[in-house]
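Student: Could we go through this structure together? I would like to begin with one residue and then move to the wider fold.
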Amino acid sequence: MSHESRRLDAVCVYCGSSNDADPAYVAAAFAVGESFAKAGLKLVYGGGGVGLMGAAARGAHAAGGAVLGIIPTFLRGREQPFDDVETVIVDSMHERKMMMFERSDAFVVLPGGIGTLEEIVELLSWRRLDLHQKPIVFHNPGGFWDPLFALIRHTIDRGLTPPDLASAWRSVERAEDVTPALLAWDTEIYQSGAPETLRRLT
């Protein structure tokens, strides 16, 4: 797909930063980053060089892709920034999350822990409030994210969340399907003529 036929240029990845993660998750994160580069997509991520986070950035960088890391000052020692790519140092987690959102046209969620949960719940909450309609794709190996999906469905079934939130994301089992799912969704948005204002925070 050519850049002229899509609006998707930069994709934010939310994922774990633990080095104790399953090596299969780490390898998949590298492959996802690599696939972004091959598709001409810029990777926006949390700036760390560890865990799945570092693997995704290294995958994109190794394949010649553009990478932007955003990390708060207090995490530089803990998450060890990947110095081979462009990195912005910010003052707080709030500033990091807002900049990651604003610099991205879509989001990919890889396996992660409590920090990743915080990010995706906020992203889905903003979607619920019609603050954006940016594509969201989960990499869901072995049903990793199924408990989260079940919890959201539970809130829908109890009348606490609108039913249409269940269509706010797509889930794929294989790492190699992440980028194609993003590009297909972006094509649908482009062809539907959705106004650009819906792709950005209002």
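Student: Where is the place of aspartate 130?
Tutor: Aspartate 130 sits in the loop between α5 and β6. Helices (H or I, at least four residues) and strands (E, at least two) are DSSP runs, numbered from the N terminus. This is a predicted model, in which local features need pLDDT of at least 70 and side-chain atom pairs count only at pLDDT 80 or more, while totals for chains, interfaces and linings use all residues. Residues are numbered from 1 along each chain as its sequence is written, and side-chain values use heavy atoms, with hydrogens and water left out.

Student: Is aspartate 130 buried or exposed?
Tutor: Aspartate 130 counts as exposed because its relative accessibility is 58%. Buried means under 20% relative accessible area, exposed over 50%, and partly exposed in between (1.4 Å probe, protein chains only).

Student: And what is the phi of aspartate 130?
Tutor: Phi of aspartate 130 is near 60 degrees, a positive value in a residue other than glycine. Most residues other than glycine have a negative phi.

Student: Turning to the sheet, what is the order of the strands?
Tutor: The open sheet has seven strands in the order β4-β3-β2-β1-β5-β6-β7, with parallel pairing. β4 (86-90) and β7 (170-172) are the edge strands, each with a single partner, so one side of each has no neighbour in the sheet. From one strand to the next, the twist averages 25 degrees. Two strands pair if DSSP finds at least two bridges between them.

Student: How many bridges join β6 to β7?
Tutor: Three bridges join β6 (residues 136-139) to β7, and the two run parallel. Histidine 139 has valine 172 in β7 as its bridge partner.

Student: What about β5 and β6, how do they pair?
Tutor: β5 and β6 pair in the parallel sense over three bridges. Valine 108 has valine 137 in β6 as its bridge partner, and phenylalanine 107 has isoleucine 136 in β6. On its pairing with β1, β5 forms four bridges, again in the parallel sense, and tyrosine 14 is partnered with valine 109 in β5.

Student: Which way do the side chains of β5 and β6 point?
Tutor: In a regular strand the side chains alternate between the two faces of the sheet. From β5, Ala106 and Val108 point one way and Phe107 and Val109 the other way, and all are buried. From β6, Ile136 and Phe138 point one way and Val137 and His139 the other, and all are buried.

Student: Which strands does helix α5 lie across?
Tutor: Helix α5 (residues 114-128) lies across β1 (10-14), β5 (106-109) and β6, running at about 150 degrees to β6. Axes here are lines fitted to C-alpha atoms, for helices over the stretch in contact (heavy atoms within 4.5 Å), and angles run from 0 to 180 degrees between N-to-C directions.

Student: Changing topic, how much space lies in the largest pocket?
Tutor: About 390 Å³ of space lies in the largest pocket. It is lined by 26 residues, of which Cys15, Gly16, Ser17, Met53 and Thr116 are the closest to its centre. On a 1 Å grid over the protein atoms alone, a pocket is an open set of points with protein on both sides within 12 Å along at least five of seven lines, a cavity is a set where a 1.4 Å probe fits but cannot get out, and lining residues have an atom within 4 Å of a point. Grid points are joined across faces, edges and corners, and a volume is the space filled by probe spheres set on the points.

Student: Which element gives the largest share of that lining?
Tutor: The largest share of the lining of the largest pocket, four residues, comes from α5.

Student: And which residues line the largest cavity?
Tutor: The largest cavity is lined by Tyr14, Lys97, Phe101, Glu119, Glu122, Leu123 and Trp126. The volume of the largest cavity is about 30 Å³, and α5 gives the most to its lining, with four residues.

Student: Finally, where does proline 141 lie, and what is it in contact with?
Tutor: Proline 141 lies in the loop between β6 and α6 (146-157). Proline 141 is buried, with a relative accessible area of 15%. Leaving aside neighbours within four places in sequence, proline 141 is in contact with Tyr25, Pro111 and Glu173.
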